[in-house]
Protein chains: 2
Amino acid sequence: MFKGSPRRISIKDVAAAAGVTHSTVSRAMRHSPLVNQETGDRIRRIAGELGYSASALARGLVTNRTQTIGVVVTRIADPFVAEIVSGIEETGHHYGYSVFLANSNAEPEREIKVVRSFAEHRVDGIVVTSSRVGTLYLPMLSEMHVPIVLINNQYPGEFVHSVMIANAEAAREATNHLIGQGHRLIAYLGDRYGHQSDTERFAGYRQALEQAGLPFQPELVSHGDGRPAGGEQAMRKLLALPEPPTAVFCYNDMSALGAMKSIRAAGLEIPVDVSVVGFDDLLVAQYVFPPLTTVRQPRHQMGALAMETLRQLMGGEQPAECMRLPGELIVRESTAPPGEATQ
Amino acid sequence: MFKGSPRRISIKDVAAAAGVTHSTVSRAMRHSPLVNQETGDRIRRIAGELGYSASALARGLVTNRTQTIGVVVTRIADPFVAEIVSGIEETGHHYGYSVFLANSNAEPEREIKVVRSFAEHRVDGIVVTSSRVGTLYLPMLSEMHVPIVLINNQYPGEFVHSVMIANAEAAREATNHLIGQGHRLIAYLGDRYGHQSDTERFAGYRQALEQAGLPFQPELVSHGDGRPAGGEQAMRKLLALPEPPTAVFCYNDMSALGAMKSIRAAGLEIPVDVSVVGFDDLLVAQYVFPPLTTVRQPRHQMGALAMETLRQLMGGEQPAECMRLPGELIVRESTAPPGEATQ
DNA sequence: GGCGGAATTGCACACGGTTGCATAATAATG
DNA sequence: CATTATTATGCAACCGTGTGCAATTCCGCC
């Protein structure tokens with residue numbers, strides 16, 4: 001075992017071993033038609049024997065393309081995000097791109113640090129999921145000259161592309177489902193204020209009420225934090241109303257989990273006393289008790305589409321700026337007409 | 001909007017603007033003591049104004065270090081894996097490393113492709129989680145001269161470092177929990193054959209039986225596939241026995257979910273008729289009904305430790321080769337003495 | 001005033017590839 | 001056989017940084 005590794009074998013070593021110039025080796029490795037068939041085969045064989053591995057660094061330096069993209073997420077461990085990343089990675093790999101992954105923890109300054117690091121590594125493109133600080137990208141974006149695609153975070157500017165779920169439509173459908181079951185007191189349990197997807201889902205909820213001729217009651221709106229704890233607390237407030245709701249549409253499944261806990265803690269039964277609808281269709285939605293009615297987001301597909309869009313941008317094409325994917329209402333047993341158990 | 005971006009501004013542009021050589025700029029940017037204080041400040045200011053971003057490619061080319069690591073996982077979307085990656089990324093970021101993430105889908109040939117790509121990008125180190133093809137790394141490893149750390153997959157060779165959970169001990173504790181509740185017919189619902197962690201957990205299960213003086217009954221062992229579907233099927237077999245078990249220790253939470261479904265489908269109640277123990281403590285374990293007794297794996301910490309170990313290796317240190325982390329038994333309501341409900 | 005040394009900065013090469021252009025060898029053509 | 005077209009290879013410059021060594025300037029000191 002040596003101190004100081006014996007230096008990687010480079011293109012020149014292969015050239016020397018094959019008795020040609022490194023230019024020829026370079027061409028041979030990329031199967032250029034400029035190099036003689038036999039010579040090429042021989043060079044590639046020798047390269048294989050020597051364990052030659054081309055340096056993406058050197059190549060990127062001259063070609064100005066690294067075959068690399070950066071992905072920024074709020075939390076990798078978030079099951080919602082993980083599936084999206086999976087979609088990105090899969091189609092990225094398909095096109096020959098390697099992906100840098102970085103957490104932002106929803107901290108703006110970390111997010112900027114991360115994007116800067118991506119820039120130094122000369123990524124060919126960037127995908128940002130569920131960013132809360134989209135605004136901060138504008139200056140860096142113009143500096144970087146790198147295509148960016150946002151997921152679930154439309155940036156209200158030009159030259160920024162985004163993939164989103166059709167929040168309003170899905171929320172309307174979910175609310176209609178409850179209305180159709182005969183609920184009249186339907187609550188909305190949202191995320192923190194100001195998030196675009198929360199705003200849109202809330203809008204869909206109101207639209208559904210309006211179309212059904214039901215009055216909108218502001219006291220039936222409560223805000224959590226997108227996680228079980230917040231949902232739990234927000235639900236407590238709703239249950240404390242003089243006239244509590246018989247159904248609640250939650251911003252996401254995580255909030256719904258908390259809501260369910262609160263409902264049960266109040267001695268009430270789901271769905272007999274309160275029906276619950278979530279959003280996302282996380283794995284847990286199928287296994288929670290009772291199984292949760294929710295809106296499925298095509299997360300994998302969203303990631304794939306984002307990567308597809310990015311590839312088009314990197315290839316100089318001009319894809320649509322804002323792409324909306326439909327959600328799908330999955331009816332399970334957490335919803336039923338008021339006063340009834342699921343049949 | 002121009003065709004062909006106007007070329008990134010490089011170190012030389014900064015040098016020209018500051019009226020110095022690029023060498024001086026290089027030193028200034030790295031805060032070298034060799035450069036005059038004022039000159040350094042001025043250069044950095046100008047660099048900032050020009051939007052200069054150092055090329056990690058060029059730097060890596062000459063320094064032979066990229067401040068980059070590669071992470072290979074079977075499935076990013078696997079909630080178990082996602083949390084590990086989060087731990088890796090977090091401490092990696094702390095040390096200034098960017099991480100390449102890639103799926104292997106448990107396909108050996110894809111896994112090799114991925115590692116080869118990492119090699120071309122000249123990563124400083126590699127972490128592999130839950131690989132089923134660890135053996136294949138040996139040749140590539142020697143070629144690459146890059147430190148590798150395995151998670152949950154001890155490689156029976158030299159110079160390979162790994163971070164694992166103490167499977168046998170944890171399995172023993174879980175089984176003891178059931179024995180302590182008075183169960184005598186305890187089944188083991190495993191993963192596919194041949195996986196190391198399955199083997200170890202099975203060993204812990206047997207040890208516990210033996211220490212308690214209970215007979216080992218081969219018919220009480222059934223194998224799934226680590227996912228709900230497999231667990232469901234394996235549990236069906238166990239319930240079809242003339243003398244079915246009153247408790248089952250499952251390889252992981254996913255299998256346990258399937259097992260619970262089977263139990264309920266058979267018209268039995270958990271834990272009154274059958275107690276269930278899982279492994280992993282996924283989020284879903286808290287929210288499934290009844291809440292699942294399981295072994296918590298410190299996933300985030302495992303990722304962090306792997307990265308820490310990698311950093312030591314990259315720094316030329318010699319950390320321990322195989323590090324075992326203890327699991328923690330989390331008792332919830334899916335386990336109770338035979339015939340009893342949870343109190 | 002000459003001299004030694006410290007503090008700065010410049011020079012030039014290296015890293016490992018890609019690529020336009022020149023060149024040599026070979027084949028096709030008149 | 002001379003000329004031209006074609007094919008295969010070499011030459012050399014370049015991408016953007018880091019760094020050892022030389023060179024310059026400035027001081028303090030004898």
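Analyst: What follows is a set of questions and answers on this predicted model.

User: Why is Asn64(A) called partly exposed?

Analyst: Count its neighbours. Asn64(A) has 13 C-beta neighbours inside 10 Å. Buried needs 20 or more, and exposed needs 12 or fewer. The value 13 falls in between, so Asn64(A) counts as partly exposed.

User: Where does Asn64(A) sit?

Analyst: Asn64(A) lies in the loop between helix 4 and strand 1 (68-73) of chain A. Its C-alpha atom is 44 Å from that of Val284(A), a residue 220 positions away along the chain.

User: What makes strand 1 of chain A largely enclosed?

Analyst: Six of its six residues are buried, so the rest of the structure largely encloses strand 1 of chain A. Both faces are covered. On one side Thr68(A), Gly70(A) and Val72(A) are buried; on the other, Ile69(A), Val71(A) and Val73(A) are.

User: How do you know that strand 1 and strand 2 of chain A pair?

Analyst: Pairing requires at least two bridges. Strand 1 and strand 2 of chain A are joined by six, so they count as paired. The two run parallel. Within this pairing, Val72(A) has Ala102(A) as its bridge partner.

User: How do you know that the copies meet through the same surface?

Analyst: Compare the two sides. Of the interface residues of chain A, 100% are also interface residues in chain B, so the surface is the same.

User: Why are the two copies said to be related as by a two-fold rotation axis?

Analyst: Chain A superposes on chain B by a rotation of 180° with 0.0 Å of shift along the axis, at RMSD 0.1 Å. The copies are therefore related as by a two-fold rotation axis.

User: How does chain A compare with a compact globule?

Analyst: For 343 residues, a compact globule would have a radius of gyration near 20 Å, but chain A has 26 Å. The C-alpha trace spans about 90 × 40 × 40 Å along its principal axes. Chain A has 13 helices and twelve strands. Buried residues make up 49% of its 343 residues.

User: Which residues are closest to DNA strand C?

Analyst: To be near, a residue must have its C-beta atom within 6 Å of the strand. Around DNA strand C there are 27 residues, and the closest are Ile11(A), Ser23(A), Ser26(A), Ala58(A) and Ser23(B). Helix 2 (22-29) and helix 4 of each chain give two or more residues to this surface.

User: And which are closest to DNA strand D?

Analyst: Ser23(A), Ile11(B), Ser23(B), Ser26(B) and Ala58(B) are the closest of the 27 residues that surround DNA strand D. By class, this surface has eleven nonpolar, eleven polar and five charged residues.

Key. Residues numbered from 1 in each chain as written. Chains lettered and ligands numbered in written order. Predicted model: local features only at pLDDT ≥ 70, side-chain atom pairs only at ≥ 80, totals over all residues. Helix = DSSP H or I, 4+ residues; strand = E, 2+ residues; numbered from the N terminus. Rg over C-alpha atoms; globule rule 2.2 N^0.38 Å. Nonpolar A, V, L, I, M, F, W, Y, C, P; charged D, E, K, R; others polar. Least-squares fit on C-alpha atoms with pLDDT ≥ 70 in both. Contact = placed C-beta atoms within 7 Å.
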